[in-house]
Amino acid sequence: MRALPIAVVAAAAALTLTACDSGGSSDSDGGKKASTASSSAAASTACKIDQIGIQVGPANAAPAAGDTGNVPVTLTNKGAECTLQGFPTVKVQDGGTSADVPEEKSATPPKQTLAASGTASFTITYVRGTAGDGKSLAATTLKIGLPGAATTQSFKWSYGPLAGKTGPNDPNASVSSFQPAGD
């Protein structure tokens with residue numbers, strides 16, 4: 001018989017916690033207003049590349065053709081709080097030939113909120129190609145952009161040619177989603 005009252009007390013406690021979670025308002029619109037206000041406050045604007053400092057490397061460069069290398073990229077917010085979600089746009093170029101680095105096949109990337117001076121990172125993973133083999137791109141420039149923006153920043157690519165899957169415009173490489181960085 002004592003098990004029944006304990007179960008009833010536990011159910012009542014769970015209902016009380018659920019009611020507290022909805023904003024504690026008995027007004028039916030009050031809960032919606034509180035929820036909408038907290039969503040608006042939590043939503044910040046998308047980060048803009050002109051307010052982001054970008055550091056490329058140091059890399060774990062692929063030493064020889066067929067080896068895999070990783071190039072870490074760190075972003076530092078130089079403006080007000082902003083958000084990053086998705087994948088950066090990454091392009092490698094050699095003169096007039098360029099190739100987009102595809103997104104890593106992974107789960108849905110998390111939304112990152114960057115406070116002023118906050119940092120995030122991503123990684124470019126690539127397979128080193130053979131110079132002049134017709135399938136590799138002898139990249140010299142790396143262009144990095146943020147999701148949904150057309151503007152990019154350019155950096156020197158000094159990690160050797162990128163192997164192509166089917167040719168120089170289809171690099172055997174990938175870019176990860178944004179991840180939290182720092183402490």
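Modeller: What follows is a set of labels, each held up against its rule.

Modeller: Ground rules: this is a predicted model, where local features need pLDDT of at least 70, side-chain atom pairs count only at pLDDT 80 or more, and totals for chains, interfaces and linings use all residues. Residues are numbered from 1 along each chain as its sequence is written, and side-chain values use heavy atoms, with hydrogens and water left out.

Colleague: What makes C47 and C82 a disulfide?
Modeller: The rule asks for a pair of cysteine sulfur atoms within 2.5 Å. The sulfurs of C47 and C82 sit 2.0 Å apart, so the pair passes. The count by this rule is 1 disulfide. The angle about the S-S bond is 85°, and the link is right-handed.

Colleague: Where in the chain do the two cysteines come from?
Modeller: C47 lies in the loop between α2 (28–42) and β1 (52–56), while C82 belongs to strand β3 (residues 82–85). They are 35 residues apart, so the pair links distant parts of the chain. Helices here are DSSP runs of H or I with at least four residues, strands are E runs of at least two, and both are numbered from the N terminus.

Colleague: Are C47 and C82 buried or exposed?
Modeller: Buried means under 20% relative accessible area, exposed over 50%, and partly exposed in between, using a 1.4 Å probe on protein chains only. C47 has 9% and C82 has 4%, so both count as buried. In the protein chain, buried residues make up 33% of the 183 residues.

Colleague: Why are β5 and β9 at the edges?
Modeller: The open sheet has 4 strands in the order β5-β4-β8-β9, paired antiparallel. β5 (97–100) and β9 (152–156) each have a single partner strand, so one side of each has no neighbour in the sheet.

Colleague: How do you know that β4 and β5 pair?
Modeller: DSSP has to find at least two bridges between two strands. Strand β4 (residues 89–94) is joined to β5 by 4 bridges, running antiparallel, so the pair qualifies. V92 stands opposite A99 in β5.

Colleague: Which residues line the largest pocket?
Modeller: Among them are C47, K48, T83, L84 and P147. Lining residues have an atom within 4 Å of a pocket point; on a 1 Å grid over the protein atoms alone, a pocket is an open set with protein on both sides within 12 Å along at least five of seven lines.

Conventions: On a 1 Å grid over the protein atoms alone, a cavity is a set of points where a 1.4 Å probe fits but cannot get out, and a pocket is an open set with protein on both sides within 12 Å along at least five of seven lines; lining residues have an atom within 4 Å of a point.
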